[in-house]
Amino acid sequence: MSEIPMIRIISALFIGVAALVPAGVGAADPVRLADNAPDSHVVVPGDTLWGISGRFLREPWRWPEVWRLNREQIRNPHLIYPGQVVVLDRNGPTLRLGRRVGGPGDKPLYEKRFPQVYAEKGDEAIQSIPLRAIKPFLTEPLVVSAADDSAAGIVVATQEGRVFTSPGDSIFATRVTPGVNFWNVYRKAKPLVEPVTKEVLGYEATYLGQARVTAEGSGPVLEDAKAAPVPATLLVTSFKQEIGKGDRLLPAQPAELPSYVPRPPEQEMSGRIVSIYNGVDETGRHNVVSISLGKQDGMEVGYVLALHRNRGQAVYREENIGPAQRFSLPDQRYGLVFVFRVFDRVSYALVMESDGPATVADRVRNP
């Protein structure tokens, strides 16, 4: 087996020598250290960059500022690995990678590490957020626009006329693009509706499974112009639900594990939670919500947004003096979400922090 994949290049990303985060990316208030912040932390499997930073900072999502990341590093980060040491310099504050020097009985001292090449044996770099919470959402759930749905492939027949099929069976579909071999199969489920305007932003489709093209379709045979076109033949390779006639197909995209660092939007953002996955009314930490902001609004993977709850109105009438007065109570900020997948008009976001349940129609804004 080649040793090349075992070589990991540890970049200068986590050394406090890069330019400061550009204006518009960082938050205005000074970064505050967490109570009892340690001087260092040894990275272990299962750590996340958000979680590590929570040991040092009151606002863990602001770790790009204390790592002193520049704009290019934020958009294309390098990663760190179990066994490395994260060191806090309280004067900045800044975080950086270090290496312990001195004997076991000495006071812990750390020297700054510069870019080097290390041989790693199977250790996976830690990610920004817990991937186990979002991995199924990187490929399986689909948000489909009306235009996408109209152009999608359609299952027109199943193997031997079966009502539903399962892995190993064949399905036959039209509008299957030649040269595209792997397809997601879905069933359009429910519209994603903006809670206030009632505008349909897209359709959250039910993911059924995947299929692979085994024979491409064709049009009528030239010598018989009246012959019916031949649909493409696809083999069902995996499924979560049975696939039948009328179900739709879209080209399968490879899963992209988000390694972008958290950062506030570079422009003002204001939207709402439009749905909670699996149709529940409310949710909490490390669960997925869809929000009414997408590519058309400038949304990007890695953006962090604050959750705000509408506390409604209050009516007060001072005794025997004048009519009752109505007051609109200020929104209550209660948590943060991390955007990890972006569609045209909606996005999926993971609830990272929450002091209460997140519900449909709650606002999302710049943190």
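Residues are numbered from 1 along each chain as its sequence is written. In this predicted model, local features need pLDDT of at least 70 and side-chain atom pairs count only at pLDDT 80 or more, while totals for chains, interfaces and linings use all residues; side-chain values use heavy atoms, with hydrogens and water left out.

Strands (DSSP runs of E, at least two residues, numbered from the N terminus) form a closed barrel of 6, in the order 14-16-21-20-17-23, with antiparallel pairing. On average, neighbouring strands of this sheet are turned by 45° against each other, direction ignored; the axes behind this angle are lines fitted to C-alpha atoms, and angles run from 0 to 180 degrees between N-to-C directions. Two strands count as paired if DSSP finds at least two bridges between them. Strand 20 (residues 332-342) and strand 21 (residues 347-354) run antiparallel and are joined by 7 bridges. Here, Gly 335 faces Ser 354 of strand 21.

Next comes strand 11, which spans residues 200-215. Its pairing with strand 10 (residues 182-193) is antiparallel and has 11 bridges, with Val 193 bridged to Val 200 of strand 11. The hairpin of strands 10 and 11 has 6 residues between the strands, and in this hairpin Lys 198 takes a positive phi near 65°.

Strand 11 also pairs with strand 7 (residues 142-144) in the antiparallel sense, over 3 bridges; Leu 142 stands opposite Ala 205 of strand 11. With strand 12 (residues 232-239), strand 11 makes an antiparallel pair over 6 bridges, where Val 213 stands opposite Leu 234 of strand 12.

Technical notes
Helices (H or I, at least four residues) and strands (E, at least two) are DSSP runs, numbered from the N terminus.
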